[in-house]
Amino acid sequence: TMAIASVMLIVGLFGVGSVNRLLQTQAQDELFRHAEATGRLVEAALADVGDNPGAGFEGRLRGVRSEAARVLDRARVVGGHDVVEAVLVTPTRAYPLSPRQDLVPLLPLDLEEREALSLDVDGTELLATVQRFPIGASEIVVAIGRTAPLLPIRGMTRTLLLVVVAAVVMIVLFGVGLARWIRGRLAGLETASNQIAAGDLSARAPVEGDDAIATVSVAFNDMAANLQATHQREREFLMSVGHDLRTPLTTIRGYAEALDEGTIGSDDAERVAAVLHTQTDRLTRLVEDVMLLARLEAREFTLRPEVTDVPAHLSGVVDTYRIRAGEIGVALEFSSTGSAMANIDPDRLAQVCSNLIENALRYTPENGTVTVEADVDQGSVRLAVGDTGPGIEPADADRVFDRLYVAQRYHPIRPEGSGLGLTIVRELVDAMGGTVRVESTPPKGSRFVVELRV
């Protein structure tokens with residue numbers, strides 16, 4: 001605002017100067033026109049005198065001088081001038097035509113045909129315009145003087161300058177007021193930002209009105225709410241992972257202390273070894289899933305797509321789980337549209353399928369069924385994994401892929417696993433440019449559908 005005011009002031013001063021020069025020029029032109037008209041009237045009054053300064057010239061001139069004086073006085077009154085003088089200049093001498101001669105004696109000898117001068121007459125500065133009219137060998141010189149210009153230049157200039165200054169002052173005051181108002185509106189947003197930076201994620205910015213600042217405040221509050229929710233989920237995740245780590249570690253430590261004290265006999269060695277092996281596998285799986293999820297969220301991995309027979313590849317993945325499914329009494333079925341090739345990362349696709357199958361096996365009861373369907377059609381790969389478990393409530397559909405949400409919300413029949421499988425699936429699918437969704441009608445089971453563009 002200050003910059004605009006400064007520019008406006010400079011432009012205003014330049015404009016004042018330009019207007020001043022224009023008015024000066026117009027005033028001088030008007031005075032020249034008055035001088036020319038006066039000169040023509042004087043010339044007409046001297047028509048009977050002639051232009052030959054011979055015998056009888058001065059007598060004839062005396063006879064018409066009074067008429068010329070009346071013409072000059074009339075021009076002074078009508079034009080509003082202070083002084084109107086004229087002189088008849090012959091080759092031999094000059095003859096005054098006005099009773100008083102204040103300007104003419106002060107005129108320089110080398111006058112132009114039209115000239116504007118500033119003359120000091122008895123201590124008063126006059127703006128004088130002088131015009132010469134040739135009459136044969138002689139000429140008439142008309143001088144008009146004014147103590148003020150014909151147009152009110154100073155008054156107009158002063159008014160224009162005052163308007164510019166007033167406009168600048170108003171702009172500055174408006175800018176300062178606007179800045180303070182905006183500062184006041186942003187104070188709440190600034191305070192909330194500082195509180196969040198200090199760790200208070202519950203801080204919110206006040207929302208007033210419906211202008212741009214209110215829109216920013218709403219967006220800020222949405223961001224703060226998401227940040228608070230994310231922080232809460234991170235905290236819950238760390239607590240859950242800590243609990244999941246503590247359980248196998250407690251078992252391993254207990255058996256280690258028993259072995260150290262020699263309280264475990266040789267008959268129990270095989271059983272203890274099996275328990276330690278199971279708990280170690282559980283720890284390994286949990287740590288690997290946490291590290292994989294961290295890499296996925298940070299996008300610290302690369303995709304290596306290659307032409308793959310998708311149904312055959314996924315059939316092999318399903319076969320690796322048939323023994324385990326048989327052990328827990330769950331039927332594992334696979335169906336596809338046949339052989340179909342697609343340019344896709346086979347390892348990442350296998351990870352997605354494996355995590356979905358493992359999640360289904362955790363929640364499918366004995367004598368239940370897990371179905372895997374694969375389909376490749378017009379540049380897309382579609383993978384669907386369904387189960388006959390308890391299903392997902394509609395209210396939980398939007399959060400089913402959050403970390404540990406399903407594991408904490410729905411008690412699994414078989415608690416093995418890290419509980420991060422669905423989150424890993426979502427991150428992998430996002431990285432591959434696809435979508436994943438859940439279709440569920442409790443208590444008839446769930447169906448996870450993955451669609452990938454290839």
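The following legends describe a predicted model in a series of views, from the whole chain to single residues.

Residues are numbered from 1 along each chain as its sequence is written. In this predicted model, local features need pLDDT of at least 70 and side-chain atom pairs count only at pLDDT 80 or more, while totals for chains, interfaces and linings use all residues; side-chain values use heavy atoms, with hydrogens and water left out.

**Figure 1. Overall view of the protein chain.** The secondary structure comprises 10 helices and 12 strands; helices (H or I, at least four residues) and strands (E, at least two) are DSSP runs, numbered from the N terminus. The C-alpha trace spans about 165 × 55 × 40 Å along its principal axes. The radius of gyration of the chain is 53 Å, whereas a compact globule of 454 residues would have a value near 22 Å. This radius is taken over C-alpha atoms, and the globule rule is 2.2 Å times the number of residues to the power 0.38. Accessible areas come from the Shrake-Rupley method with a 1.4 Å probe; for residues, only the protein chains shown count as cover. Of the 454 residues, 37% count as buried. Buried means under 20% relative accessible area, exposed means over 50%, and partly exposed lies in between (1.4 Å probe, protein chains only). Among contacts between residues at least 6 apart in sequence, 66% join residues at least 24 apart, a contact being heavy atoms within 4.5 Å.

Figure 2. Two strands pair if DSSP finds at least two bridges between them. A hairpin of 4 residues connects strand 1 to strand 2.

**Figure 3. A nonpolar surface patch.** Leu13, Leu161, Val165, Val169 and Leu173 make up a nonpolar patch with about 410 Å² of accessible area together. Patches are made of residues with over 30% relative accessible area and no salt bridge; like charges are joined within 9 Å, and nonpolar side chains (Val, Leu, Ile, Met, Phe, Trp, Tyr) within 5 Å. Helix 3 (residues 153-197) contributes the largest share of the patch, 4 residues. Val169 belongs to helix 3 and is partly exposed, at a relative accessible area of 41%.

Figure 4. Most residues other than glycine have a negative phi, and most peptide bonds are trans. Asp122, although not a glycine, has a positive phi of about 55°. This residue occupies the loop between strand 3 (114-121) and strand 4 (124-135), and Asp122 is exposed, with a relative accessible area of 73%. Asn367 also is not a glycine and has a positive phi of about 70°. The loop between helix 8 (346-363) and strand 9 (369-377) holds Asn367, which is exposed at 69% relative accessible area. The peptide bond from Pro442 to Pro443 is cis, with omega near 0°; Pro443 is found in the loop between strand 11 (435-440) and strand 12 (446-453).

**Figure 5. Salt bridges.** Side chains of opposite charge can pair when their charged atoms come close. A salt bridge is a side-chain nitrogen of Lys or Arg within 4 Å of a carboxyl oxygen of Asp or Glu, and the whole structure contains 19 of them. One of these joins Asp319 to Arg322, with the closest N and O atoms 2.8 Å apart. Asp319 is partly exposed at 40% relative accessibility, and Arg322 is partly exposed with a relative accessible area of 35%.

Figure 6. Arg426 forms a salt bridge with Asp402, the closest N and O atoms being 3.5 Å apart. This pair links distant parts of the chain, 24 residues apart: Arg426 is in helix 10 (residues 421-431), and Asp402 is in the loop between strand 10 (380-387) and helix 9 (405-409). Arg426 is partly exposed, with a relative accessible area of 23%, whereas Asp402 is buried at 14%. Arg426 also meets Glu427 in a salt bridge (3.6 Å, N to O), and Glu427 is buried at 10% relative accessibility. Salt bridges that share partners join Glu373, Arg382, Arg437, Glu439, Arg447 and Glu451 into one network.
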